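Here is a short tour of a protein chain, from its overall layout down to a few side-chain pairs. Have a look at the model first, then read on.

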Amino acid sequence: MSQNPFDALGGGLDMNALLQQAQQMQEQLTQAQQRLAETVLEGTVAGGAVTVRVNGTGELVGVDIRAGGFDGNDADDLADLGDMVVAAYRDAKSQADAAAGEALGPLAGGLGGGGGGLGDMLGGALGGGQPGGGEPGQAPRLGF
């Protein structure tokens, strides 16, 4: 069988070039994920009374509580402290999500169907009939 089975899709799809592009995108994705894991973002509340650090993937890596702002024997102060830790984490996590979207967005768009990337080149053949693969309302399935 010497004929390319993808000729029926039009344009004679070069599988070697497609696989090479997929490998390059995988390498770029891995590098971006590594950079995110090494990035540290801070969320802070109450004028710096509580600061939380997360890495670019949203993993909690540190919590700082300024001394003198809370009475460890007062239940209300401790409840407020817990709320502030949660609020500071949410602040840091939203920054991490934005950083991840910025770092990974172009790569993910190239694999799905929205950015004229690999998913569009395959005409939605990554899974199902939807652009980028999958069923409506589901994430694309990648077969490599």
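Two strands count as paired if DSSP finds at least two bridges between them. With that in hand, look at Val52, which stands opposite Val63 in E3. Keep in mind that this is a predicted model.

**The layout**

Stepping back, the chain has three helices and three strands. Starting at the N terminus, the order of elements is α-β-β-β-α-α. The chain has 144 residues, and 26% of them are buried. Of the contacts with a separation of 6 or more, 39% link residues 24 or more positions apart.

**The opening helix**

Helix H1 covers residues 15-38, so to speak a run of 24 residues. From first C-alpha to last, H1 reaches 35 Å, close to the 34 Å expected at 1.5 Å a residue. Which residues of H1 are buried? They are Leu18, Ala22, Met25, Ala32 and Leu36. As background, an α-helix has 3.6 residues a turn, so residues three or four places apart point the same way.

**The strands and their hairpins**

E1 and E2 run antiparallel and are joined by six bridges. One of the pairings sets Glu42 against Arg53 in E2. E2 also runs antiparallel to E3, this time with five bridges. Why is E2 described as largely enclosed by the rest of the structure? Because five of its six residues are buried.

Both hairpins have a residue with a positive phi in the turn region. Between E1 and E2 there are four residues, and Ala46 in that turn has a positive phi of about 55°. Ala46 does this although it is not a glycine. The loop holding Ala46 runs between strand E1 (40-45) and strand E2 (50-55), and Ala46 counts as partly exposed, at 47% relative accessibility. The hairpin of E2 and E3 also has four residues between its strands, and there Gly58 takes a positive phi near 90°.

Leu60 belongs to strand E3 (residues 60-65) and is partly exposed, at 47% relative accessibility.

**Charged pairs**

How many salt bridges does the structure hold? It holds two. In general, side chains of opposite charge can pair when their charged atoms come close.

| Salt bridge | N to O distance |
|---|---|
| Arg53 and Asp64 | 2.4 Å |
| Lys93 and Asp97 | 2.6 Å |

Take the salt bridge of Arg53 and Asp64. Arg53 sits in strand E2 and Asp64 in strand E3, so this pair ties together parts that are 11 residues apart in sequence. Arg53 is partly exposed at 22% relative accessibility, and Asp64 is partly exposed at 38%.

Lys93 and Asp97 both lie in helix H2, four residues apart, or about one turn of the helix. Lys93 has a relative accessible area of 25%, which makes it partly exposed. Asp97 is partly exposed as well, at 41%.

**A helix residue and a strand residue**

Ala87 is located in helix H2 (residues 75-111). Where does its C-alpha atom lie relative to that of Thr51? The two C-alpha atoms are separated by 9.6 Å, while the residues are 36 apart along the chain. At 34% relative accessibility, Ala87 counts as partly exposed.

Terms used. Residues are numbered from 1 along each chain as its sequence is written. This is a predicted model: local features need pLDDT of at least 70, side-chain atom pairs count only at pLDDT 80 or more; totals for chains, interfaces and linings use all residues. Side-chain values use heavy atoms; hydrogens and water are left out. Helices (H or I, at least four residues) and strands (E, at least two) are DSSP runs, numbered from the N terminus. Buried means under 20% relative accessible area, exposed over 50%, partly exposed in between (1.4 Å probe, protein chains only). Contact means heavy atoms within 4.5 Å. The expected span of a helix is 1.5 Å times one less than its number of residues. A salt bridge is a side-chain nitrogen of Lys or Arg within 4 Å of a carboxyl oxygen of Asp or Glu.
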